[in-house]
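Hi everyone, thanks for coming. Please take a moment to look at the structure, and then I'll walk you through a few parts of it.

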Amino acid sequence: MSERAEGLGPRAEGATTSDDARENPSPLAPPLAPRPSPLQRHRFPFAILLLLATTLFLPALLRREVFTLRDHFDYFQPLRWFTAQELLAGNLPLWNPWSASGEPWMANPQTGVFYPPTWLFLVLPFETAFMLFLLLHLVILGIGAYLLFARTASPGAALIGAVAMMFSGPVLSLMDVQNNLATLAWVPLALWCACEGAWRRGALVLALAFLGGEPFFAALAALLYAVTRRRIDVLWTGIAAFGIAAVQLLPFLEFVASSDRAGGMEDALILRDSMPLAAWLHVILPLGWTTAQQFIPVLYAGVLVVVLALLGIRRNTLGWVALLAFAIVVAAGPGLLTQLPLTLFRYPARLVPFGVLALTALAAKGWDRIRPDKRWLDLVLVLVLVADLLPRARPLLGTAPFRTDVVPWSREIGTFGKVLRFGEVEITKRAQWMSGYLNLYDRRFDAFTAAPLASAEYVRRHRELLSKPSFESFAYAGIVHILTPSALPEPWYPVEQKGTLVAFRNEGAFPMAAHFAPGSSSLRRASWKLDTSSATIVVNAPSDGIVVLRQQAARGWKVTVDGIPGKPLVIDRMFRGVSVKKGRHTIVWKYDPPSIRSGAVMTIITLLALQVSLFVKRSR
């Protein structure tokens, strides 16, 4: 988006100059007066945005309740709760041993270990932190949109556009996939930094966009930043952003390389929830609260917004038109998405909020064209937009008290061995199916993961289990219980039933840790203890052999036997093992991936370098 052709560069009357211009004033010019901050210059619009957003969350905050729709309940709430509990206990949650036979935890950006807004969960009650986390990002999105729109439109028109963006159905639909909302919230602010020439702030905002947890949105934000700025300092912004986020980014990239996202994902899964062109009518007209695609259940962005956007199309706003066209094309799910070497992008309908960003930017320009010189009309239009948009989003806003005792099965199921779901999960019975990350509340072992990426080899083996089920294959994988509405033959036998769902047990399942002797089918069970960075096994080996831990092998795991370093083995291309001699042994596995240490060093060096450069700038 070039500044002249795209409408992001021309400066509105009274707008501020860039950092670059202020850093090099003419020696003959009088000293520059301190420039007021955006907070000082735009206090009233910011207050309006904060007030409107707060009213949306205030009832739940007062009742100490949380949103419950879709991924709120079985994904993000247990994910946030588990991560916060580990951090509060003084543990850095590097690994999750309770899902998918173990999985890198901190390598998943959605956990937000290094994302400052998630630290709310360390200092506030969970219900309050959960709702404030969402409120904070909605406010950041509104303020960023306002600052961006105010560069080329009046404050009143920019406020109209920001409100339309904040309360549009596609944006509010992202609240239950909150990593998408957290990253999207920084996109308008990143574009504002690009237009202002504030490369340091731009680097910080782009880093926060990635740390928010949605890599594809963050990559798209970086691309839009580069296209908008088109200056040499984009290079420095990119390097600095990479360095700031390195503590999270390097472990993520290491995990992606061996995950199902490295070219191993099915085309149907990549293109799931694509959005045909006809579905964009739901963006314009309130035709119902959901469509055939489910990722964005509320598509309505406002008929008034669309009318104003049409009025805002001019030669200098073609950049926004291009962004809208891009969102429409990609949301339709073009086949090109399945040809990418890394399938970091799924659910094409997620691009609709980017289209809404373009629509609301155009709407701000359109309102500026016809706006009478009466400021009170801006507030009237704000209220009209809120009254039009919020009722359509009401299905998204259901709340209930937060609970961790939602899994109805007895503690025996999943505590000492893995649980496998066999059958189609019923959306209305997520607790019974122990879907998502609900297993983390009680530290139950789930044979699979709810994470957006997983080990490619493990995913392949899991699919084989489900496509070619057999007692022996389930037993070898350590599956102790199966949850299914179907009857299973002996030697499976039912132990519990919840509605139509039955829990079957396999007495012959391999234990989590055991000793095997070469050439023998017998095994010796071992005692074991797992946490988020280590595993300890104590075994009395009757002969020389191998101790197998039915947890995933991954780069970064090191093992010692009685304090002496051992050679890690990969058993059946999946599980961890180590050779031992006859006798009693204590085996300790430690998870210490080099990417985390390298990333931490890079982040510290980058932050120090930015601080030094800022000091030098101020000294001048």
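Let's begin with an open sheet of five strands, ordered S12-S13-S19-S15-S16 with antiparallel pairing. Strands S12 (527-530) and S16 (564-565) stand at the edges with a single partner strand each, so one side of each is left without a neighbour in the sheet. Here, two strands pair if DSSP finds at least two bridges between them. Helices (H or I, at least four residues) and strands (E, at least two) are DSSP runs, numbered from the N terminus.

This is a predicted model, where local features need pLDDT of at least 70 and side-chain atom pairs count only at pLDDT 80 or more, while totals for chains, interfaces and linings use all residues. Residues are numbered from 1 along each chain as its sequence is written, and side-chain values use heavy atoms, leaving out hydrogens and water.

Back in the sheet, S13 (residues 534-541) and S19 (residues 583-591) run antiparallel, joined by eight bridges. Asn540 stands opposite Arg584 in S19.

Now, which residues of helix H16 are buried? They are Val305, Val306, Leu308, Ala309 and Gly312, where buried means under 20% relative accessible area (1.4 Å probe, protein chains only). Down the axis of H16, these buried residues fall within an arc of 165 degrees, so they line one face of the helix; the arc is that of the directions from the helix axis to the C-beta atoms. They pack against H7, H15 (281-284), H18 and H19, with contact meaning heavy atoms within 4.5 Å.

Finally, buried residues of H19 include Leu377, Leu381 and Leu385. The buried residues of H19 pack against helices including H3 (43-63) and H16 (303-312).

Conventions:
Buried < 20%, exposed > 50% of the residue type's maximum accessible area, 1.4 Å probe, protein only.
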